[in-house]
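This report covers the nonpolar core, helix packing and chain contact of one structure. The sequence and model are shown first.

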Amino acid sequence: MSLNIVVLAKQVPDTRNVGKDAMKEDGTINRAALPAIFNPEDLNALEQALRLKDANPGSTVTILTMGLPRAAEVIREAMFRGADTGIVLTDRALGGADTLATSYSLAQAIKKMDKVDIVLCGRQAIDGDTAQVGPQVAEKLGMPQVTYAEEILSIADGKATIRRRIESGVETVKAPMPLVVTVNGSAPDCRPRNAKRVMQFKYAVSPSEKEKLSDELKALVDKRPGLNLQEWSAAFVEADPEQIGMPGSPTKVKAIENVVFTAKENLVLENNDEQIENLVKTLIANHTIG
Amino acid sequence: MANFYTDNPDLKLHLQHPLMRKIVALKERDFADAEKFDYAPLNFDDAMDNYDRVLEIVGELCGTTIADNAEGVDHDGPTVANGRVTYAPGTQENLEGCRKAGLMGMSMPRRFGGLNFPITPYIMAADIVSRADTGFENLWGLQDCAETLYEFGSEEQRERYIPRVCAGETMSMDLTEPDAGSDLQSVMLKATEQPDGTWLLNGVKRFITNGDADIHLVLARSEDGTKDGRGLSMFIYDKRQGGVNVRRIENKLGIKGSPTCELVYKNAKAELCGSRRMGLIKYVMALMNGARLGIAAQSVGVSEIAYREAEAYAKDRKQFGKAIIEFPAVKEILSVMKAKLDASRCLLYETSRYVDLYKAYEDIARERSLTPDERKEMKLYNKLADACTPLAKGLTSEYCNQNAYDCIQIHGGSGFMKDYACERIYRDARITSIYEGTTQLQVVAAIRHVFTGTYSQLMANYAEMEISEELQAQKAIVEGLVAKYEEAVKAVHETNDSCYTDFMARHLVEMAGDIVMSYLLMTDATRYNSESLTRSAKVYVNLAAADVAKHTAFIATVKPADMAQYGA
């Protein structure tokens, strides 16, 4: 059975390699100092998608990413690993979106696609750590959702059997398709980039990227349909302007604080209850705990 | 995430050598494939970008999966049951990673599913893989056998086998037997022709790396009653046919993840590759030359990891209140390790470029006849490749052993324990100067070029090249070494005593290596404007000067009559 698989992927700043200059003076993220990477758990989701494609010949894997035009980079990265094509959902009006506006915009884009059988995404992105977008997309599409998935065990009779990670172990569930699956970081790593595919798709570009190419490369992209990625705007996906970007985002950031550890001296305690009790009292008194 | 390509800027430098332009143009036939294959390069820059991107994949796979698995693979090793080998779990994962990443059949033409890479970027991948896991480099590097199958097999054989290699099936070269090691003329495995034109193989092979491979190239005696190399032919054995079983796998000192097999052939159906009687004298020689370059790459990878482990430990380990890297004795060891590593790498890629050039011409000659100028160039590069290959294999393998020794020395007592990678590196290094021809046999191959003047010609070429202002003092020293070398060659040659010449061959070849690598370091440091190569050039020239002095003193002291002291 061939499947239409959509993977939601996000380009994120690499918060795992935070250096001294990761934050600006005003406490906002210094994006220039953090390399943009493929959100790690979205790679786990991509691997699940590619396994489904391997097991179900004729299936297609489409990457959907919302962000700046340069987010096309994650689509290429996914294509190097086996994805077929991708769409960048990009528009100034989409900027500043919180998880609610983001999931609405993504859901609108998915509605615009031909029959979708399964939507996969990472559990959460490392820049926000909310884990809200996947479930909200499912709600907005009216699809069932399976979160914290580790492996899609089988697809049969319009149902997906999925093993998911829960607090105390694993559980296997069955859900009707179409559905949304969020994949946990404990799922298998994504396969490596493939040498041939890298050479094949390195010139895959979105329309706005294509504008900047040399004439020779433009001609190449015209000649090879597989090198043309799509760019969709808010209007194209028929998004309600009130539900996207800043206007559609009820989350307001009150303040961002740059926490710097300043304590320098050490405190050495004797191993007895009295000293430990005194320490706890001190910590409660200075509001470190409690 | 560790990436063994991007964390080593010297690799990118070597990839930028000006000769690459010519290599790529020849290999890509002026980019004719771009119309037929959507992954073929459009032009030189596009091709170089491809190599860079693919090496980045190699670097990532090596820096993560393969390096992470190395310790477990060394510990678990392969097993054998019912005549079949099972790789260690880590090895299986490594192979699967290489297959998915499409890193098999890298140098094979696109029409067979290969990447059509020149030898140089392929050898660079081998250098990187070996740093991650030296034993795994063997399994992965045996894809090189496809090169021999391509060169000497029929088009029909190529079509049947090479796509399988590109898809990830593994290969082996079945040469050695209990009584035929260095002396392959004594191979006994019997090949009997059948009425249908196929052959049956019967007998035993020993020490066969990856002996349970999917596709084997086998050296066997096809001519009944013959005793020498002219009775041997090369065969292709396909595991799907059955008939070859693994009797045991060896328990080795190092490269323990790579299964070394004893094979029993019982009426194993095989097919002839190329012409009868040419097995050893032509095909296996070509196979071995390719494999020797592979071992040189493996050796450079070992030197790299040995140096990195040693340097990291020396920075970390504190004694007498400071990091031990601060002590002059340690500084000297590390500088010399780095110089040997850099010198080895310069020689490795110099050799791979010559191999690339003559092989590209050879391949073009399969399609059309070469012009007289092209033929002349092919002959020249063939000669240079022939001269540089044994030098590279012989000397880089000795250097990697020395570096592995020094790596343990830097670790002190901790290095003698099983707790650090250096003990595995030391064990893995040891085979490089033995297999695919011992260092002694590399000397036998190289000494010809001492006396015919190929090395002298190379030295003269290098002397004409640009060398930076900063290295002028070193250049003058090396010019002095050349004079000493020529004198020593003359002195040995003039004795007209072939036994004495053999006896002194190692000394002369090592001197040639000292000088060639000194020049390569100086010219590469200049060309790439590299501070670290300049540092290594200075250290290496000092080392070369001392080494040449040692050899010349030995040659001056030990006269033909003195060989009796050695029982010679």
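The largest nonpolar core has 253 residues, and the members that touch the most others are V7(A), V58(B), L201(B), F235(B), L347(B), I515(B) and V516(B). A nonpolar core is a set of buried Ala, Val, Leu, Ile, Met, Phe, Trp, Tyr and Cys residues joined through C-beta atoms within 7 Å. A residue is buried if 20 or more other C-beta atoms lie within 10 Å of its own, exposed if 12 or fewer, and partly exposed in between, with C-beta atoms placed from the backbone. Helix α9 (residues 279–316) of chain B gives the largest share of this core, 18 residues.

The model is predicted: local features need pLDDT of at least 70, side-chain atom pairs count only at pLDDT 80 or more, and totals for chains, interfaces and linings use all residues. Residues are numbered from 1 along each chain as its sequence is written, while chains are lettered from A and ligands numbered from 1 in the order in which they are written.

F235(B), one of the core residues named above, is in contact with A191(B), W199(B), L201(B), V218(B), A220(B), A270(B), E271(B), L272(B) and C273(B), leaving aside neighbours within four places in sequence. Contact means that the C-beta atoms of two residues, placed from the backbone, lie within 7 Å.

Helices (H or I, at least four residues) and strands (E, at least two) are DSSP runs, numbered from the N terminus. Axes are lines fitted to C-alpha atoms, for helices over the stretch in contact, and angles run from 0 to 180 degrees between N-to-C directions.

| Helix pair | Axes and angle |
|---|---|
| α9(B) and α11(B) | 8 Å apart, about 20° |

The contact of α9(B) with α11(B) involves 17 nonpolar, eight polar and four charged residues. Here Ala, Val, Leu, Ile, Met, Phe, Trp, Tyr, Cys and Pro count as nonpolar, Asp, Glu, Lys and Arg as charged, and the others, Gly among them, as polar.

Eight of the nine residues of helix α13 (residues 421–429) of chain B are buried, so this helix is largely enclosed by the rest of the structure. Among the buried residues of α13(B) are E423(B), R424(B) and D428(B). Their cover includes α3, α6 (134–141), α9, α11 (372–411) and α12 (413–416) of chain B.

D144(B) lies in the loop between α6 and α7 (145–152) of chain B. This residue is buried, with 22 other C-beta atoms within 10 Å. Beyond four places in sequence, D144(B) touches G290(B), A291(B) and G294(B).

Chain A has eight helices and 11 strands. Buried residues make up 40% of its 290 residues, and its C-alpha atoms fill a box of roughly 75 × 45 × 45 Å along the principal axes.

The contact between the chains takes 14 residues from chain B and 11 residues from chain A. On the side of chain B, α3(B) gives the largest share, six residues. That side has seven nonpolar, three polar and four charged residues.
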